[in-house]
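This briefing is for a reader who is new to the structure shown below.

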Amino acid sequence: MSRELRNAILAHVRPGDAVLDVGAGMAAYHGELLRRIGGAGRLVLLDAHQPYLDRSPVAGAKNVARMQGTAQELLPRLQERYDAVLAIDFIEHLTRPDALAVIAQLRRLGKIVVLFVPEGNHPQDKDYFNLGADHWQTHRSTWQAEDLVKLGFSVDRWPEFHAGAAGKDPGALWAVWDAETDWTRR
């Protein structure tokens with residue numbers, strides 16, 4: 001993960017925050033995120049694949065909770081509001097209808113929701129960590145900036161983020177929804 005992405009994530013998190021990371025995986029940013037929220041904060045990692053949760057760099061930390069299950073199954077059951085909800089490289093793994101339902105749940109639960117998603121078509125069907133999660137790593141939907149803007153997110157394009165050999169891969173979208181400034185609720 002790039003330093004640019006870590007910094008962008010951390011910019012939306014304050015000391016003492018309660019943070020929910022959906023599709024958390026084994027994210028390299030978890031350690032820095034935990035340091036940012038400090039001992040008064042709380043980090044909840046939600047992922048469908050238990051081996052990813054087990055290998056999170058903060059798996060045993062005292063103010064980290066882990067929830068194993070799908071976002072579609074678990075999010076509707078949650079009642080706690082979070083200062084920040086993260087879904088980094090996650091919604092593209094869902095069908096569009098499932099992704100839209102999950103995004104609605106993220107907005108219900110979070111004061112701020114941060115999405116990071118490949119822009120456009122970015123096929124993937126393999127678990128590059130070799131942890132038996134090919135099913136969970138498959139991309140099932142594609143996203144453009146306009147899709148997220150219509151949902152009330154402010155969106156920045158990162159055209160070089162996923163650039164592969166000869167720049168053939170699409171870029172990425174950084175999208176932030178803030179409950180206080182959401183024009184779609186008016």
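Which residue in S3 is the bridge partner of Val44? The partner of Val44 is Ala65. The model is predicted: local features need pLDDT of at least 70, side-chain atom pairs count only at pLDDT 80 or more, and totals for chains, interfaces and linings use all residues. Residues are numbered from 1 along each chain as its sequence is written, and side-chain values use heavy atoms, with hydrogens and water left out.

**Strands**

- Helices (H or I, at least four residues) and strands (E, at least two) are DSSP runs, numbered from the N terminus.
- Strand S2 (residues 42-47) is largely enclosed by the rest of the structure, because five of its six residues are buried (under 20% relative accessible area, with exposed over 50% and partly exposed in between; 1.4 Å probe, protein chains only).
- S2 pairs with strand S1 (residues 18-22) in the parallel sense over five bridges, where pairing takes at least two DSSP bridges between the strands.
- Val19 has Leu43 of S2 as its bridge partner.
- S2 also pairs with strand S3 (residues 64-68), in the parallel sense and over five bridges.

**Helix H5**

- Helix H5 (residues 96-109) has 14 residues, which at 1.5 Å a residue should span 20 Å, and its end C-alpha atoms are 20 Å apart, which agrees; the expected span is 1.5 Å times one less than the number of residues.
- The buried residues of H5 are Ala99, Val102, Ile103, Gln105, Leu106, Arg107 and Leu109.
- Their cover includes S1, helix H4 (71-74), strand S4 (82-88), strand S5 (110-118) and strand S7 (172-178), with contact meaning heavy atoms within 4.5 Å.

**Nonpolar cores**

- A nonpolar core is a set of buried Ala, Val, Leu, Ile, Met, Phe, Trp, Tyr and Cys residues joined through side-chain atoms within 4.5 Å.
- The largest has 30 residues, and Leu20, Leu75 and Leu106 are among those with the most contacts inside it.
- H5 gives the largest share of this core, five residues.
- A second, separate core of 27 residues includes Leu10, Leu33, Leu53 and Phe116.

**Aromatic residues**

- The whole structure holds three aromatic pairs; rings of Phe, Tyr and Trp (its six-membered ring) pair if their centres lie within 6.5 Å, and planes under 30 degrees apart count as stacked, over 60 as edge-to-face and the rest as tilted.
- Trp158 and Trp174 are stacked, because their ring centres are 5.7 Å apart and their planes at 15°.
- Trp158 counts as buried at 12% relative accessibility, and Trp174 is buried at 6%.
- Phe116, Trp158 and Trp174 form one aromatic cluster.
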